[in-house]
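Here's a quick walk through the model below. Have a look at it first, then read on.

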Amino acid sequence: MLDIKWIRSDPDGVKAALARRGGRYDETIDRLLALDEERRRLTTESESMKARQNAASREIPALKKSGQDVSPLLEEMKRLSEQIKERAGQLAAAEASQRELLLGLPNRPNADIPDGADDRENAEVRRWGEPPAFEGFEPKAHWDLGAALGILDPERAGKVTGARFHFYRGLGARLERSVINYYLNTHTENGYTEIFPPFMVNRASMTGTGQLPKFEEDAFKVADTDYFLIPTAEVPVTNLHRDEILEGAALPLKYCAYSACFRGEAGSAGRDTRGLIRQHQFNKVELVQFARPEESYAVLESLTRDAERVLQGLGLPYRVVCLCAGDLGFSAAKTYDIEVWLPSYGRYCEISSCSNFEDFQARRASIRMKDSAGDKARFVHTLNGSGVAIGRTVAAILENYQNADGSVTVPEALRPYMGCERIAPED
RNA sequence: GGAGAAAUGUCCGAGCUGGUCGAAGGAGCACGAUUGGAAAUCGUGUAUACGGUUACAGCCGUAUCCGGGGUUCGAAUCCCCGUUUCUCCGCCA
């Protein structure tokens with residue numbers, strides 16, 4: 001949520017900043033300003049009426065005590081009370097409309113990120129590792145490897161549930177579990193506190209991190225409740241400190257969390273229909289940090305490095321790109337995507353997204369900080385990044401570590417978890 | 001799932017036969033006095049948000065006694081709905 005004071009004091013600056021995203025927000029901002037003026041007028045009016053009412057409330061008992069007739073005053077107050085109620089209704093309506101418009105506005109992009117309309121204009125920041133050569137054979141896609149090895153079974157998942165779900169089997173299931181454990185262990189050894197969150201959250205939490213109200217169609221809602229299946233552990237973990245004032249000395253708070261993630265993937269019909277890349281349910285280890293505002297961009301750099309660390313540990317080639325303004329997510333001010341090399345796609349493919357939300361989420365979720373008791377509380381900056389997606393990691397391991405005979409070599413770092421060095425076709 | 005009880009400021013805890021209650025009292029904390037220093041004692045102070053005004057001092061106003069609605073001239077106090085916690089029963093991993 002943007003600060004209404006900023007919008008009020010610099011509407012043209014807001015319009016210019018949001019225009020970089022490519023959407024049209026000028027009209028919303030103009031409506032917001034008009035509504036804000038109306039809201040403040042109603043506030044002033046109703047507050048002065050309430051002041052009169054409160055004054056009378058103090059007079060009435062005294063007048064009664066001295067035996068005076070208070071009925072004319074009561075008559076006046078009855079009328080006033082009705083006017084106050086009328087104002088209260090108007091004010092509530094104005095506040096609700098204003099909040100709705102504010103909640104619908106995306107975050108302001110950081111001034112330093114590149115301009116651009118879509119992912120073609122993202123800026124590559126660095127690369128790590130080399131795509132494998134595959135001497136003497138044509139590499140297979142992970143879904144073909146998975147079928148041949150008997151470790152991935154989307155067909156039966158289609159029967160049991162529906163499209164975009166998978167059964168993992170045998171060493172496939174074990175590989176998924178090993179990657180989760182390897183990631184969590186790496187991050188907790190690196191100073192992150194492990195969280196195992198609820199996989200369903202309420203509406204306030206979904207609003208706090210920015211999934212609602214605008215993107216309700218993307219979420220799975222549990223029927224007959226007000227709960228949503230989480231699209232990412234970012235939601236429960238960021239909302240862990242909703243409506244709290246954090247101690248400045250404790251910042252940054254660093255959390256990592258495994259969760260299953262559930263996404264409707266509305267609007268992506270026909271994309272990535274095969275394999276593990278785009279599923280309604282997938283696993284992810286997420287990194288979340290709560291930072292002092294003045295440190296948040298340094299934290300974004302270190303958080304991104306922390307996410308990269310696990311790919312380096314697995315020896316998977318990747319690159320880091322800085323998203324251009326047009327490709328930026330709704331809540332983010334700046335985002336680095338980490339893209340892993342996927343031979344079947346013949347290109348780098350998103351496996352992690354590390355973002356600084358500045359105070360956008362903190363304002364929605366009311367997460368503040370204070371250095372000492374006398375200080376005025378101010379909003380923290382929230383950050384998160386996948387550290388990293390598990391299904392896509394498994395896809396990348398299968399494809400990058402495949403051998404000419406159809407087997408897959410287990411990366412060194414996973415062998416203690418897997419208890420084997422190779423995944424070979426079942427006899 | 002059923003039946004009861006509860007939710008007050010940083011904490012504990014009054015008020016809950018509606019009226020001057022932002023809210024007694026205590027603890028804690030801060031400052032001051034006392035002391036060679038400390039403990040004890042005494043004194044003073046001790047919420048947040050928003051709006052207005054102003055010299056960023058301050059002052060004025062509004063809101064906040066779990067959340068939301070209602071009754072009333074007036075609600076921490078009465079009524080309704082919800083949430084959470086506790087106790088008992090049921091059910092279970």
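In helix α5, His142, Leu145 and Gly146 meet Ala395, Leu398 and Glu399 of helix α12; contact here is C-beta atoms, placed from the backbone, within 7 Å. That contact divides into 3 nonpolar, 2 polar and 1 charged residues. Nonpolar covers Ala, Val, Leu, Ile, Met, Phe, Trp, Tyr, Cys and Pro, charged is Asp, Glu, Lys and Arg, and the others, Gly among them, are polar.

This is a predicted model, where local features need pLDDT of at least 70, side-chain atom pairs count only at pLDDT 80 or more, and totals for chains, interfaces and linings use all residues. Residues are numbered from 1 along each chain as its sequence is written, with chains lettered from A and ligands numbered from 1 in the order in which they are written.

Now the sheet: it's open, with 8 strands ordered β1-β10-β11-β12-β15-β9-β8-β4 and mixed pairing. Pairing takes at least two DSSP bridges; helices (H or I, at least four residues) and strands (E, at least two) are DSSP runs, numbered from the N terminus. At the edges sit β1 and β4, each pairing on one side only. Strands β11 and β12 run antiparallel, joined by 9 bridges, and glutamate 339 has glutamate 350 in β12 as its bridge partner.

| Helix | Residues | Angle |
|---|---|---|
| α7 | 171-189 | about 10 degrees to β9 |
| α10 | 296-314 | about 10 degrees to β15 |

How values were computed: Contact = placed C-beta atoms within 7 Å. Axes fitted to C-alpha atoms, helices over the stretch in contact; angles between N-to-C directions.
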